[in-house]
Amino acid sequence: MSETPARLAGVVGWPIAHSLSPRLHAHWLAEYHIDGFYVPLAVRREDFGGVCRALAKCGFRGVNVTVPHKEAALAFAHETDAAAKQAGAANLLLFGADGRIEARNTDSHGLVASLEESLGENALRGTTVALLGAGGAARAAIFALEGLGAAKIMILNRNRGRADTMASALQPQLAARLSVLSDADWPAARGGVSILINATSGGMRGSAPLSFSLEALPADAVVCDLVYNPVETELLKDARRRGHRTIDGMGMLIHQAAPAFEAFFGTRPNLGEGLRRLLVEAIGG
Ligand code: NAP
């Protein structure tokens, strides 16, 4: 006798209790009356491969992958999409019925969609961007900005050597010009900036604050924070006080989750305003 089990998916990370993905997917599962479950899975670094193999064997369609497994996920897969190859990391693993595992990355897509939603389609074409950070989110942001036609991306990171390494590795794949700035270079460079994007964990709940001054940023520059917990970070509060237009990280979070939901459960979800409210309430924002 064959079974027709509920569709299963989840998110794998360590720690995982803070993840908003289970709420997001549960909301869509209920909205579309899908017989499925999306569960948070606390998995230590050393257990990642074994757990994924077991999940695939017990019928999971796939998992989202978060810190600290994004690089390991890429190495673990048989196939990799272009976005994951570019980013050097995956946030989505899909388990095929034939035992093959595909790695994808939807973070760049999420940021492109969020920026286009807030600013319109061609708003960043030919612009100069200041990007804070040199981790996975910064890499995803660079490919998002490339896709949006940014001309110049100036990178600032606490650990400058890490930014230099990232810029050298990514520049050959890009039309946009990357440069790495030190804090001392910033005052002379900030005059040409159209948008400043924080892709560091600075300011995230539980992390150290971000120490960065928005002083003398052009009045019409947009300030975007990829951190979504809290939704209104100190950086965004400061930007608002100075009269800058702001974009928070919740839009990217929702947009990066939509293609994962479609891959797991077969339906492209609706991204209504109610969803954003639900997530903001979930983090007490
Ligand atoms: P990561 O790979 O660990 O990189 C962390 C980055 O933040 C590094 O550049 C690090 O600098 C920097 N950093 C950490 N604490 C800092 C501080 N107090 N001040 C200044 N810089 C600091 O992490 P990630 O995956 O890139 O994630 C970064 C942030 O993006 C997280 O808050 C994450 O939640 C957010 N994110 C949001 C979305 C979304 O959908 N909205 C998606 C992905 C990520 P060093 O190199 O000097 O250590």
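**Helices, cavities and peptide bonds**

Tutor: Let's start with two helices: Asp107, Ser108, Leu111 and Val112 in H5 meet Ala140, Ala141, Phe143 and Ala144 in H6. By class, this contact of H5 with H6 has six nonpolar, one polar and one charged residues. Keep in mind that this is a predicted model, where local features need pLDDT of at least 70 and side-chain atom pairs count only at pLDDT 80 or more, while totals for chains, interfaces and linings use all residues. Residues are numbered from 1 along each chain as its sequence is written, and side-chain values use heavy atoms, with hydrogens and water left out.

Student: Why are H5 and H6 called oblique to each other?

Tutor: Look at the angle: the axes of H5 (residues 107-119) and H6 cross at roughly 55° and come within 8 Å. Those axes are lines fitted to C-alpha atoms over the stretch in contact, with angles from 0 to 180 degrees between N-to-C directions. Under 35 degrees is roughly parallel, over 145 roughly antiparallel, 65 to 115 roughly perpendicular, and the rest oblique. The pair H5 and H6 is therefore oblique.

Student: What is the handedness of the crossing where H5 passes H6?

Tutor: H5 passes H6 in a right-handed crossing.

Student: How do H10 and H11 lie, parallel or perpendicular?

Tutor: The axes of H10 (residues 250-265) and H11 (residues 273-282) come within 11 Å and cross at roughly 115°. That makes H10 roughly perpendicular to H11. The crossing of H10 and H11 is right-handed. Met250, Gly251, Leu253 and Ile254 in H10 meet Leu275, Arg276, Leu279 and Val280 in H11.

Student: Why are H1 and H10 called oblique to each other?

Tutor: The axes of H1 and H10 cross at roughly 55° and come within 10 Å. H1 and H10 are therefore oblique to each other. Leu24, His25, Trp28 and Leu29 in H1 meet a set in H10 that includes Leu253, Ile254 and Phe261. This contact of H1 with H10 divides into 11 nonpolar, one polar and no charged residues.

Student: How many cavities are there of 30 Å³ or more, and what makes a space a cavity?

Tutor: There are two. A cavity is a set of points on a 1 Å grid over the protein atoms alone where a 1.4 Å probe fits but cannot get out, and its lining residues have an atom within 4 Å of a point. Points are joined across faces, edges and corners, and the volume is the space filled by probe spheres set on them.

Student: Which residues line the largest cavity?

Tutor: Lys70, Ala87, Ala89, Asn105, Asp107, Gly136, Ala137 and Ala140 do. Helix H6 (residues 136-147) gives the largest share, three residues. By class, that lining has four nonpolar, two polar and two charged residues. The second largest cavity is lined by residues including Leu115, Glu116 and Leu148.

Student: How do you know that the peptide bond from Val67 to Pro68 is cis or trans?

Tutor: Its omega is near 5°, and the bond is cis. Pro68 lies in the loop between strand S3 (60-65) and helix H3 (70-76). Most peptide bonds are trans, and most residues other than glycine have a negative phi.

Student: What is phi of His33?

Tutor: Phi of His33 is near 50°, a positive value in a residue other than glycine. His33 sits in the loop between helix H1 (21-31) and strand S2 (36-42).

Conventions: Helix = DSSP H or I, 4+ residues; strand = E, 2+ residues; numbered from the N terminus. Left-handed = near helix turned anticlockwise from the far one by under 90°. Contact = heavy atoms within 4.5 Å. 1 Å grid on protein atoms, 1.4 Å probe; cavity = no way out; pocket = protein on both sides within 12 Å on 5 of 7 lines; lining within 4 Å. Nonpolar A, V, L, I, M, F, W, Y, C, P; charged D, E, K, R; others polar.
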